[in-house]
Amino acid sequence: MNKLLLCCDLDRTLLPNGSQEESPQARSLFRAVARHPQLTLAYVSGRDKPLLLEAIRDYDLPPPDYAIGDVGTSIYEIHGDQWHPLRTWEKEIALDWSGNRHDDLVSLFKDIDGLTLQEAEKQSAFKLSYYVPEDTERDELLAEMRACLRQNELRASLIWSIDEARHVGLLDVLPHRATKVHAIRFLMARTGFKEENMIFAGDSGNDLPVLTSGLKAVLVHNARREVQEEAMRSVCKQGFTERLYLAHGDFLGMNGNYAAGVLEGLVHFHPETLHWFKPD
Ligand SMILES: [Mg+2]
């Protein structure tokens, strides 16, 4: 049997940290599957390395072979306790910033009102994270930043979201090609996995670009209905509905949420993996 690469989002995909229930046996089955020598496991998350490690410890997740972190700006190859950042990935995304790094871009934006850098641990060489007042004219601010980037011939994505609990806007500036999709494809090229031997699992809007990229993908059952509908609409339009699987439960008596959904999707695409299920 061929080897498989399983790429999993963490929060609310493998980690049962949403409002819906987790089937009691889901994570121990997941650990059993992850131990199988034919499986290469990669976590794909917005979390940075300390928060990835915290999630693995707190939720007793199996150690991965690779981790894509910091919203796609870092890829780590993992051997035991050693996490080695892939410098070739940094070189790849650095092209978008023409040799500039975090501090250079901070200087570039220093005269723009309303931007407050987040805490030092939320910054990295290729990620600027700002707080922005919730009532900011978002489109004006982003237009001003884009003009600044254009003048300096830099290619960056500006990712905006709202921290609803804290009533503050969050703005990340990343190299244009530092996306989950591109990072996963980079990892596939590096490890020699082809599309037929990889699966991605996710749950939310920020996973949509991967879920609808044509890679084989699973949406866990606890995903919000709007995300399910949008993902399905997109793959229908592109003509590859067979590459997206919506977990619905009823697999080994589990509910399809979180790890149960990931396993359901794995067996949907690769029925031969059912032999790997031996709970600890
Ligand atoms: Mg998630």
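Colleague: Which residue stands opposite Trp83 in β5?

Modeller: In this predicted model, Ile78 is the residue opposite Trp83 in β5. The strand β4 (residues 74-79) is joined to β5 by 4 bridges, and the two run antiparallel.

Colleague: How many strands make up the open sheet that includes β5 and β4, and what is their order?

Modeller: The open sheet has 8 strands, and reading across gives β5-β4-β3-β2-β1-β10-β11-β12. The pairing in this sheet is mixed.

Colleague: Which strands stand at the edges, and why is one side of each left without a neighbour in the sheet?

Modeller: The edge strands are β5 (82-85) and β12 (244-246); each has a single partner strand, so one side of each has no neighbour in the sheet. Direction ignored, neighbouring strands of this sheet are turned against each other by 20° on average.

Colleague: Which helix packs on the sheet, touching β11 and β12?

Modeller: That is helix α8 (residues 225-238), which touches β11 (217-219) and β12. The direction of α8 makes about 150° with that of β12.

Colleague: Which residues of α1 and α9 meet?

Modeller: From α1 come Ala26, Arg27, Leu29, Phe30 and Val33; from α9 come Tyr258, Ala259, Ala260, Val262 and Leu263. By class, the residues of this contact are 9 nonpolar, no polar and 1 charged.

Colleague: What is the order of the open sheet formed by 4 strands?

Modeller: The order is β6-β7-β9-β8, with antiparallel pairing. At the edges stand β6 (116-117) and β8 (156-163); each has a single partner strand, so one side of each lacks a neighbour in the sheet. β6 pairs with strand β7 (residues 128-133) over 2 bridges, in the antiparallel sense. Across this pair, Leu117 has Tyr130 in β7 as its bridge partner.

Colleague: Finally, how is the chain divided into domains?

Modeller: Domain 1 comprises 4-73 + 178-276, and domain 2 comprises 99-175. Their C-alpha centres lie 29 Å apart. Contact between them involves 5 residues of domain 1 and 6 residues of domain 2. On the side of domain 1 that touches domain 2, there are 2 nonpolar, 1 polar and 2 charged residues.

Definitions and conventions:
Residues numbered from 1 in each chain as written. Predicted model: local features only at pLDDT ≥ 70, side-chain atom pairs only at ≥ 80, totals over all residues. Domains from an automatic or database assignment. Contact = placed C-beta atoms within 7 Å. Nonpolar A, V, L, I, M, F, W, Y, C, P; charged D, E, K, R; others polar. Pairing = 2+ DSSP bridges. Axes fitted to C-alpha atoms, helices over the stretch in contact; angles between N-to-C directions.
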